[in-house]
Structure formats: C-alpha cells, structure tokens
Amino acid sequence: MKRLVATFAVTAASLLAQWGGELRFCLRSDPKTFNPLLVDDEASETVRYLTGGVLIRVNRLTQKLEPELATSWKISRQGRAIAFQLRRGLSFSDGTPFTAEDVAYTMHALMDPALHSPTGDSFRSAPGDVETTVQAPDRITIVFPAPVAGLDRLFDQVAILSSRSPKKEAATLGPFVVTHYTPGTDLVLERNPRYWKTDAGGRRLPYLDRIHLDIQQNREIELLRFTRGEVHLINTIDAELFSRLVKQDPAMAQDAGPSLESEMMWFNQNPSAPLPDYEKAWFRSQNFRRALSSAINRADICRIVYYGHAQPAAGPISPANRFWFNAALKPHAFDPKDALARLQRDGFRFENGALRDRDGHLVEFSLITNSGNQAREHMAAMIQQDLAAIGIKLNIVTLDFRSLIERITQTFRYEACLLGFTNYDLDPSSQMNVWLSSAENHQWYPNQKIPATPWEAEIDRLMHAQAAAVDTTKRKSDFDKVQEIVSDQAPFLYLVTKDSLSAVSPKLRNVQPAMIRPETYWNAEYLALAPAQLARSAR
Amino acid sequence: MWIRRIFRHLAAFVITILIAGLLGATLVRFGPGFESDEQELDPRLNAHSVQALRQSHAAEQHLPAFYIHYLGHMIQGDLGVSRSLERPVTELLSERAPVTLRLMLYGIASGWLLGLALAVPAVLVRAPAYDLASTALSGVFLCVPTAVVALALFFANGPVRFAIGLLIFPKVFRYARNVLADAYTQPHVLAARARGLSPASIFFRQVSLWAAPQLLTLAGVSIGIAFGAAIPIEVLCDFPGIGQLAWTAALARDLPVLVSLTILVAVFTQIANAASDLAVSVCTRERA
C-alpha cells in the first residue's frame with residue numbers, strides 16, 4: 001500500500017511539477033570532505049546524498065530497496081558475493097561514461113584498510129581484500145572475504161566514483177553537482193545535466209535548477225530565516241523550536257512519526273573504572289538497573305521535554321524500523337513501588353527519604369551528559385526528580401562533548417551517562433560494534449576480553465549468528481532475542497524515541513517527510529518550487 | 001643606542017609571542033577531551049579504525065616536539081592542518097580574517113564616533129539633563145552583554161555589524177567625557193579662556209591635544225575589546241570569521257588552529273599597543 005501511495009505521489013508530482021528554481025536550506029557545519037568514501041559528518045553526508053549516484057537506494061518512505069545505477073542484483077555464497085547488472089549508456093556529470101570498471105574502482109578504494117572509512121568498515125566483517133570481477137561493461141561481481149549481513153542495503157551509502165575522470169570525485173552520477181563553495185558561508189549545487197533519471201512525462205530530472213546550502217550553525221537563526229521565507233526547509237528541527245513553529249504556522253511543521261534516534265542512559269559497569277566497589281556492585285545489579293528504569297517517568301519526559309513529539313522507548317530498535325522492531329517489547333512501566341521492591345531484593349533500604357545499600361552507603365551518583373543540548377539537560381533534571389522520589393540523590397554534570405567522550409571511552413571516570421545514539425542503517429549488523437562485548441562502543445563495559453556475564457555471552461552468540469545467517473527470518477528471530485535480553489537486563493535504559501520533525505515551506509512541492517535520513521530531501525530530484533517562488537528565483 | 005633599543009623591543013615582542021603560543025598549546029593539550037574524537041562513537045567504525053583515529057594526532061601528543069615542529073614550519077609560512085576542518089590553517093585564517101576585521105572596523109569606528117559625539121557636548125554644554133540622559137544610555141549598554149545586543153539586532157533585522165560599536169561607545173563616552181572635563185580644568189586651558197580664545201580654538205588646540213595621549217591608549221585597548229566581542233557575535237549570528245573559527249576549534253581541541261590564533265592575537269595586541277605607545281609618545285612630545 002505504501003509503495004502504491006509513493007508511486008502515485010511520484011507520478012502526480014511529475015505531472016504537477018514546475019521546472020527550475022533554487023531550493024535553499026541550511027547545513028549545520030562545513031562539510032569535512034567532498035570525498036564520498038570518507039563521509040562521517042552530516043554536512044558531507046548531505047552533499048554525498050545530493051550529488052552521488054548509488055547502485056541501490058533505500059526508499060526512505062517504504063524502507064524497501066530500489067534499483068538505481070544497478071537494474072538488478074543477486075547475493076550469493078552465503079552473503080559473501082553480490083552480482084550487479086548495471087544500467088547502460090549512463091555518464092558522469094563531466095561526460096565520462098559509467099561502466100562496471102567504475103564500480104570496481106570505487107569498491108577497491110572504499111575497502112582500502114588504510115582509508116578507515118566508516119562506510120567501508122560497514123562492509124568489513126573479516127580481514128582480507130575485496131575481489132571484483134568485471135564480466136562485461138555492465139556486469140560486475142564483488143566478493144568479500146566473509147559474509148556481510150544486509151549486504152545489498154549497505155550499497156545505499158556507496159557513491160560511485162569515476163575511475164577515469166580527471167575531475168576525480170567532482171564527477172558525479174547524482175542529480176546535482178557542486179559548483180561553488182565558500183567555506184563557512186555557503187555551498188551551491190547545480191543540476192547535473194547528465195543525470196539519468198526522467199519523470200513520468202519523460203523529462204530529465206531533477207526539477208530544480210540548483211540547491212543553495214547556507215552554512216548556519218545557530219538553530220534559532222535557522223528557524224527565524226525559515227519563517228522569514230529565506231530558506232525553504234529545515235530537515236531536522238528540535239522539539240522546542242518545532243512546538244514554536246506549530247503555534248506560528250502548523251501547516252509548515254511536519255511530524256513524520258518516530259525516528260531512528262533514541263535517548264538512553266547507562267551505568268558504568270567497567271571493573272577498572274575509578275569508582276568505589278560498592279557503586280560498581282550497584283551498577284552490575286540487574287535489579288538496581290531495572291528499578292531505576294521503573295522509577296523514570298518516560299511519558300512525562302515525552303510530554304514535557306519533547307512537547308509530545310516523542311514516545312517512550314522499549315529497546316534499541318525504534319518502531320520506525322518496521323522490519324527489525326520487536327513489537328512484543330514494551331517500555332518499562334513507570335512504577336516507583338515496583339522500583340523500591342526490586343531494590344529491597346538487593347538489600348537496599350528506603351529510610352527517612354533516602355536510599356541506602358545493605359552496607360549503609362547512601363545511594364548517590366552523578367549523571368554526565370553533553371552541555372548545550374537543552375532537551376538532554378531537561379531530561380536529566382526530570383530523571384533527577386524521579387529518582388529523588390525513591391531516595392536516590394542524582395547529581396547532574398554537563399560536559400562539553402569531547403570531555404564526555406574521553407570519560408566514556410578512555411578514562412571511565414563517570415558513574416552514569418545520558419546520551420543518544422543515531423542508527424545510520426536499519427540493519428542490526430550496523431550495531432555490531434555496540435552489542436559485541438569485545439567492541440569499542442559496548443558503552444557500559446567496552447573491550448571485554450571474554451564476556452563478563454552469561455547474558456552478554458548470549459548477545460555475542462546471537463549477534464554473530466544473525467550476521468552469519470542469510471535467511472532474514474532467522475536473523476530477525478535472533479535479533480528479537482537480543483532486544484529481549486537488552487530489555488530484561490537493562491544495560492541501557494532506553495528512555496524515548498524522538499519523532500522525526502521538520503519544517504517545510506508550502507512553496508516547496510513533492511516533499512514527503514520520512515523518518516530516515518535525509519528526512520525531507522530524500523527525493524531531491526522530484527522536489528519542485530511553486531510558480532510564484534520560481535519567478536522570484538529567476539529575478 | 002637606538003639599535004639596542006629596537007633590538008630590545010623586538011626581543012620582548014618575539015619572546016611574548018612565543019610564550020603566548022606555548023601557553024595556549026599547553027592549555028589545549030592538557031585540557032580535558034584532547035585525546036578523544038566524536039567519530040569514536042560512530043558504531044560503523046571497527047576497532048582498527050578507532051585506533052587509527054586515536055593515532056592520527058600522535059604528533060600532537062608530545063607538546064615540546066609539537067611546538068618546535070610547529071614553529072619551524074611557521075617560519076616557512078606553514079601553520080599546519082586543522083584537526084577538525086581538515087584544511088590548512090593559513091587558508092582558514094585568510095578566508096576568515098576579512099570578516100572579523102570588517103566587523104571590528106565597523107564596531108570600533110561606530111563606537112568611537114558615538115562615544116565622542118556624546119562626550120563632547122556633555123563637556124561643552126554641561127547641561128545636567130543631557131548629562132543624565134547620556135550617562136543612562138551608556139549605562140544601559142554597559143550592562144547588556146554584546147551577544148545579547150547582537151542577537152537583538154539580528155532578530156530585529158538590524159545592522160549586526162554595529163553591535164561591537166554599542167559595546168565600545170559607553171567606555172569611550174565615559175572615559176572621553178572625564179578626560180575632556182579634566183582637560184578643561186587645566187591651567188593652560190583656563191589661561192586660554194581668560195585670554196578670550198574662541199571655544200573651538202580652545203577645544204582643538206588645547207583640550208584635544210592634552211587629552212589625546214589618554215584617548216589613544218584607550219584606542220589601543222578597544223582593539224582587544226573588539227576582538228573579544230567578535231567571538232560571541234560571530235558564533236551566535238553565524239558570521240564566518242576568526243571568532244567563529246576560534247570557537248569551533250576550541251570545541252574540537254584543534255591544536256594547530258588554536259595555537260595559530262593565540263599567536264595571531266598576541267601579535268595583533270602587541271602591534272596595537274606598540275602603535276598606541278608610539279602615538280602617545282609623539283603626542284606627549286608635541287604637548288611638551
């Protein structure tokens with residue numbers, strides 16, 4: 001049904017669309033790189049998305065894979081190999097023809113271990129080189145050293161480079177090309193005259209002549225410029241600014257429902273952390289973690305901090321991720337009585353409004369979070385109030401992001417941390433470096449030599465099993481179990497899943513906000529401006 | 001004698017700059033978060049890439065070696081590569097310096113014009129109502145942070161580039177008014193008035209000349225004030241200048257950028273102070 005609606009929308013859009021004009025919106029920082037293989041920041045990702053051509057694209061609305069530069073593909077050898085049939089007669093923006101040699105060149109460059117590309121690392125499930133076999137100018141097979149889970153989906157992030165163009169990465173296959181960049185000020189992307197896609201009427205896309213990206217760090221100013229009509233969209237907007245916009249002009253405020261971003265807190269369970277032993281014992285206790293989870297009122301956080309544009313989170317996968325979300329899981333219910341009962345099972349005593357452990361230590365610890373994130377600071381204050389109700393004294397410490405990262409990844413000088421993680425991909429294999437006990441991003445106790453607990457050993461086993469399986473039903477079943485263990489053991493206390501919020505001018509046509517990045521301009525080639533706006537652009 | 005004096009000043013100049021750079025580098029290097037990178041939290045990166053990321057700035061870990069290496073390259077015009085923006089620091093500075101200089105220029109010029117425009121009538125007219133109104137006006141702007149003034153101007157669609165002027169004018173006004181008022185009480189000014197010289201002649205030939213050294217000293221200081229104010233204005237109002245670069249670099253613990261900026265500010269301040277001292281000595285000699 002979704003696909004039908006999307007197809008209808010695209011067809012209708014093409015019939016109603018106006019040609020030309022300049023779309024304006026803001027980037028929050030300068031792009032760190034124009035090399036699509038090295039992208040690791042949001043601004044560079046935007047440029048890659050708008051300029052790069054990929055073999056396969058994840059439709060942001062349906063979450064299904066769609067052919068782009070490849071017309072078809074087939075995965076074989078238990079997920080180690082993928083064969084592509086490519087479109088014929090396409091060329092890069094500079095006129096260089098597109099062939100299978102370009103795909104081979106891109107994959108070898110991407111998988112160079114010295115490059116340390118986040119996109120490349122997603123494909124690297126074992127050491128070894130990637131092999132490419134070009135059977136014909138339009139056929140290629142790529143073989144990886146070990147099976148790669150969700151292999152085809154990963155190609156959504158791989159912008160194909162030209163192996164022959166003297167312009168290197170400036171030669172692109174996407175709808176736009178970078179034509180002008182003033183560092184710190186703006187970036188202009190012009191229509192790629194050789195873009196291969198056409199609309200239902202046979203006209204060559206994109207509809208827009210250019211996209212003007214202003215570099216604007218201040219979100220208040222971005223909103224002000226949006227309301228003044230100086231920019232046409234805000235791709236992601238904070239809940240507070242969004243609620244302000246709703247009051248001003250509800251038609252421009254778009255809530256696409258739950259996003260892939262969630263907020264959570266965790267306790268430092270690292271045995272080498274410079275913390276008193278009794279605190280480490282609290283944090284290692286499942287009862288303690290579950291009790292605190294039950295003491296936090298998630299619904300209030302959604303209502304007050306996110307103005308209703310969030311929902312209580314049950315686990316690592318958001319409901320926005322339709323296939324991998326475990327619908328059987330429910331968020332831990334707010335129940336301070338149950339919280340106290342669980343704590344009593346571990347010998348904690350609630351006396352005179354304060355909680356003490358079995359040795360009489362007052363339960364007091366600090367929660368670190370990054371400064372400057374107002375929603376997170378408000379959330380920490382609400383958690384502080386909730387925990388005070390069961391006698392726990394929580395001290396909030398806000399740190400700048402670098403200091404916080406140093407504490408959670410190197411010095412381990414913290415007790416609990418409140419942070420959010422962004423899922424870059426729908427497939428759970430992209431979270432291997434979070435769930436494996438040996439991983440760097442296994443935040444509550446990273447880099448374990450052997451799993452510290454039986455449940456972590458079980459998560460390791462299940463994550464390896466799902467990554468090795470080809471059958472998606474088996475993978476789903478394994479990852480559902482991982483989600484259940486995480487919910488039961490609560491190493492991360494998942495708090496809220498934020499909604500995907502954006503602001504879109506009514507002058508902009510064909511926008512279909514989605515919950516996956518890039519939320520509003522994922523169909524950039526179909527975006528068009530209203531006629532009045534076109535006249536202004538022309539002037 | 002002159003050569004030795006110039007040499008002594010130059011040596012003090014160089015030593016001050018070297019010490020400023022070293023202090024800046026030490027603060028950044030030993031500040032919290034220097035050895036971490038936001039990318040480390042990217043779950044797509046494997047352990048090798050995270051290690052490589054940590055090793056990529058190994059050259060900056062050993063401070064004396066880094067600083068000597070930095071100075072060696074600085075002499076050749078190479079200020080290194082920004083850790084966060086991954087571009088040569090010289091490029092970043094040359095792109096952004098005009099924005100900050102323009103902002104400072106507008107700010108200093110407007111601040112001085114407004115300050116003097118209010119101070120001179122206050123001394124010449126000596127009307128209590130005017131004095132009260134101008135003092136209250138300058139008091140208001142003295143209390144409000146420049147960043148707030150800048151944001152207010154921005155949201156009102158006003159000229160943000162004059163925000164620094166609104167920070168500088170109260171200081172100029174109060175100082176200039178006091179200095180000029182003091183000048184009018186000097187014996188030679190009283191004598192000139194007794195001799196029946198015109199008010200304009202007294203103001204330009206006696207009062208201004210007497211007040212010039214003090215005002216020139218304030219002019220030197222106002223350059224430093226303007227640069228300090230440019231940082232929050234550029235950050236809040238998204239002006240791509242040196243101030244915004246400094247803020248971004250501080251958040252990213254970008255050692256090459258921060259050391260270069262520290263040295264640049266030290267050079268700038270030294271030159272401004274030297275120019276101010278020179279002007280003061282010329283004026284004093286003239287006055288004598």
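Four cavities of 30 Å³ or more are counted in this predicted model, a cavity being a set of points on a 1 Å grid over the protein atoms alone where a 1.4 Å probe fits but cannot get out. The largest cavity holds about 150 Å³ of space, where volume is the space filled by probe spheres set on the points, with grid points joined across faces, edges and corners. Its lining (residues with an atom within 4 Å of a point) is made up of 14 residues, and Phe421(A), Thr422(A), Asn423(A), Gln431(A) and Val434(A) are the closest to the centre. Two or more lining residues each come from β12 (253-267), β18 (416-422), α14 (432-435) and β19 (492-504) of chain A; helices (H or I, at least four residues) and strands (E, at least two) are DSSP runs, numbered from the N terminus.

Gln63(A) counts as buried because its relative accessibility is 8%, the limit being under 20% relative accessible area with a 1.4 Å probe and protein chains only. The side chain of Gln63(A) lies 2.6 Å from the backbone oxygen of Ala320(A), and a polar atom of this side chain is 3.3 Å from the backbone nitrogen of Arg322(A).

Residues are numbered from 1 along each chain as its sequence is written, and chains are lettered from A and ligands numbered from 1 in the order in which they are written. Local features need pLDDT of at least 70, side-chain atom pairs count only at pLDDT 80 or more, and totals for chains, interfaces and linings use all residues, while side-chain values use heavy atoms, with hydrogens and water left out.

Key
1 Å grid on protein atoms, 1.4 Å probe; cavity = no way out; pocket = protein on both sides within 12 Å on 5 of 7 lines; lining within 4 Å. Buried < 20%, exposed > 50% of the residue type's maximum accessible area, 1.4 Å probe, protein only. Polar contact = N/O pair within 3.5 Å; in protein donor to acceptor, adjacent residues only side chain to side chain.
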